[in-house]
Amino acid sequence: MRRLWVVPLLLLQTPLLAQDYTERLESLVTKLSPSIVTVKAVLRTETKFTGESQAQESRLNMTGVSVSDDGLVMVSNTAFSPMRAMEMMGMPGDVQGEMGMKTTPTSIKVVYGNEETEYDAFLAATDTNLDLAFVKVEGLGERKVPFVDFGAGTDAIVAQRVVQVNRLGRGYDYAPYFQTALVNGEISTPRKAWLLEGSISTFGLPVFALGGEVIGVLTTIPSGIKEPGSAEGFSFSMFMRLLGGGGGTTGTSFVLPAAVVKGIVEQAKVRAVEVAAQRAKKRKEPAKPPAQPSKPATKPQTKPPAKPGK
């Protein structure tokens with residue numbers, strides 16, 4: 001008789017489970033989206049190749065996450081590191097060496113939620129090994145902003161469903177949305193991290209459990225080993241889609257544990273204070289007067305030769 005009740009009981013529970021799952025996702029977006037911000041950067045890229053140099057300016061919109069209540073924001077470092085981008089696209093190291101590239105942000109703005117205000121910010125710290133960067137917002141005054149505390153993180157479990165919260169662009173009112181994935185593997189070399197299978201794809205953004213606990217951040221982790229026949233690289237178009245929040249996961253993208261991210265955030269906080277002090281000092285320094293043009297050298301006047309006496 002007990003077996004006759006098993007199927008009806010499961011059928012009754014299924015809608016409740018689906019409803020619970022939906023409510024969890026809705027709650028997560030509401031709870032976590034205030035910490036997801038939009039970062040607008042103007043980048044100047046200088047390229048040197050075969051003895052010639054060229055510079056161009058580009059604009060890039062990214063999503064980042066607040067990691068402190070005073071305006072420290074974490075994003076993917078790929079936008080500020082062209083060499084990392086070329087590495088991800090599979091470009092050989094000798095070619096990278098010939099192409100001297102340097103990217104400098106000339107302007108960084110941060111938008112919270114769907115606000116009209118665009119706060120000025122500066123590049124405070126970068127971690128090229130873990131492909132993470134930190135920008136510090138200026139002008140918040142006494143305002144405290146929502147943030148994700150990576151110190152309260154938890155480990156992932158293989159086959160666990162996880163969530164990433166992202167934002168659309170200004171044209172869509174910066175609307176928040178979620179993407180989901182399954183943890184489908186774990187690595188221990190070159191460092192501990194988890195693989196994902198699903199739609200989660202934006203580097204620099206945190207990944208959460210369905211209960212709201214932060215698991216880590218999606219970033220790139222190259223193996224450091226070039227094996228014959230390996231295909232770690234991908235196209236530049238895929239690279240740009242990932243920066244903008246689209247595309248899919250690649251062979252080098254993993255979820256870095258929250259405990260590791262916490263240590264990087266603490267270092268970035270210290271560095272942000274140092275850079276802010278340097279910027280304040282530079283603003284107080286008096287402007288140097290323009291260099292005066294040097295006067296042309298004048299030839300010494302010589303007396304005319306004396307006339308011979310009569």
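Biologist: Why is valine 67 called buried?

Modeller: In this predicted model, valine 67 has a relative accessible area of 4%. Buried means under 20%, so valine 67 counts as buried.

Biologist: Where is the place of valine 67?

Modeller: Valine 67 lies in the loop that links strand 2 (52–66) with strand 3 (72–76).

Biologist: Which residues are in contact with valine 67, leaving aside its neighbours within four places in sequence?

Modeller: The criterion is heavy atoms within 4.5 Å. With those neighbours set aside, valine 67 is in contact with Leu72, Val73, Met74, Phe134, Phe147, Val148, Phe150, Val265 and Lys269.

Biologist: What makes serine 253 count as buried?

Modeller: Its relative accessibility is 7%. The cut-off for buried is under 20%, and serine 253 therefore counts as buried. Serine 253 belongs to strand 12 (residues 253–257). Not counting residues up to four places away in sequence, serine 253 touches Phe203, Leu218, Thr219 and Thr220.

Biologist: Why is strand 7 (residues 161–167) described as largely enclosed by the rest of the structure?

Modeller: Of its 7 residues, 6 are buried, so strand 7 is largely enclosed by the rest of the structure.

Biologist: What makes strand 7 and strand 10 (residues 206–209) a pair?

Modeller: There are 2 bridges between strand 7 and strand 10, in the antiparallel sense. The definition asks for at least two, so these strands pair. Phenylalanine 208 in strand 10 is the bridge partner of valine 163.

Biologist: How many helices and strands are there in the protein chain, and what share of its residues count as buried?

Modeller: The protein chain has 5 helices and 12 strands. Of its 310 residues, 39% count as buried. The accessible surface of the chain comes to about 18500 Å², and 56% of this belongs to carbon and sulfur atoms.

Biologist: What share of the contacts with a separation of 6 or more comes from residues 24 or more positions apart?

Modeller: Such residues account for 65% of those contacts in the protein chain.

Technical notes
Residues numbered from 1 in each chain as written. Predicted model: local features only at pLDDT ≥ 70, side-chain atom pairs only at ≥ 80, totals over all residues. Heavy atoms only, no water. Helix = DSSP H or I, 4+ residues; strand = E, 2+ residues; numbered from the N terminus. Buried < 20%, exposed > 50% of the residue type's maximum accessible area, 1.4 Å probe, protein only. Areas by Shrake-Rupley, 256 points an atom, 1.4 Å probe, with all protein chains shown as cover.
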